[in-house]
Amino acid sequence: QVQLVESGGGFVQPGGSLSPSCAAPGRTFASHAVAWFRQVPGKERESVLGIKSSGINRSRSSTWYAGSVKGRFTISRDNAKNTVYLQMNSLKPEDTAVYYCAAGLQLTMDGREYAYWGQGTQVTVSS
């Protein structure tokens with residue numbers, strides 16, 4: 001059963017951009033940390049980036065990024081729309097994968113700690 005709703009993947013040329021989104025119908029999205037993962041057939045799922053929950057005091061950075069996407073990908077949230085966005089710029093062929101969003105109680109790079117997942121959205125970067 002799909003718990004989070006993803007959209008916005010697609011096919012782009014190298015150097016192009018995409019902005020997938022992740023929505024949480026019926027949830028208080030601001031109370032959850034949200035992260036994006038990606039997976040290629042035959043390879044293990046890898047963490048990409050994430051953002052902490054809103055509504056609490058925070059003294060540390062609110063986001064984390066994998067080294068392979070830092071400077072190219074950006075995560076943001078719009079709590080009024082119950083949506084988290086993944087802005088992907090300067091896309092490379094090696095970014096091709098199925099991208100999954102996940103929500104949990106804390107921000108972590110370990111996917112096992114996320115209770116809610118999206119259905120996945122395909123991102124293909126090719127000439």
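Strands β9 and β10 pair in the antiparallel sense, over 2 bridges. Two strands count as paired if DSSP finds at least two bridges between them. Strands themselves are DSSP runs of E with at least two residues, numbered from the N terminus.

Before I go on, a word on the model. This is a predicted model, in which local features need pLDDT of at least 70 and side-chain atom pairs count only at pLDDT 80 or more, while totals for chains, interfaces and linings use all residues. Residues are numbered from 1 along each chain as its sequence is written, and side-chain values use heavy atoms, with hydrogens and water left out.

Back to β9. Which other strands does β9 pair with? With β4, the pairing is antiparallel over 7 bridges; there, Q39 has V98 in β9 as its bridge partner. With β11, residues 121-125, β9 is joined by 3 bridges, again antiparallel, and A97 has V123 in β11 as its partner. β9 is also mostly covered, with 6 of its 8 residues buried. Buried means under 20% relative accessible area, exposed means over 50%, and partly exposed lies in between, using a 1.4 Å probe and protein chains only.

Next, the aromatic rings. A pair of aromatic rings is described by the distance of the centres and the angle of the planes. The rule here takes rings of Phe, Tyr and Trp (for Trp, the six-membered ring) with centres within 6.5 Å; planes under 30 degrees apart are stacked, over 60 edge-to-face, and the rest tilted. By that rule there are 3 aromatic pairs. In one of them, F37 and Y114 have ring centres 5.6 Å apart and planes at 75°, so this pair is edge-to-face. Where do these two residues sit in the chain? F37 is in strand β4, residues 33-39, and Y114 is in the loop between β9 (97-104) and β10 (116-117); they are 77 residues apart, so the pair links distant parts of the chain. F37 and Y114 are both buried.

Y114 also pairs with W117: the centres are 6.4 Å apart and the planes stand at 75°, so that pair is edge-to-face too. Y114 and W117 are both buried. Together, F37, Y114 and W117 form one aromatic cluster. There is a charge here as well: the charged end of R45 sits over the ring of F37, 5.6 Å from its centre. For that, NZ of Lys or CZ of Arg has to be within 6 Å of the ring centre and within 35 degrees of the ring normal.

Now to another sheet. An open sheet of 4 strands runs in the order β1-β3-β8-β7, with antiparallel pairing. Why is one side of β1 and of β7 left without a neighbour in the sheet? β1 (5-7) and β7 (73-78) stand at the edges, and each has a single partner strand. β7 is joined by 6 bridges to β8, residues 83-88, and the two run antiparallel. In this pairing, F73 has M88 in β8 as its bridge partner.

Is L86 buried or exposed? L86 counts as buried, because its relative accessibility is 0%. Contact means heavy atoms within 4.5 Å. Leaving aside neighbours within four places in sequence, L86 is in contact with L18, S19, P20, W36, L49, F73, T74 and Y99.
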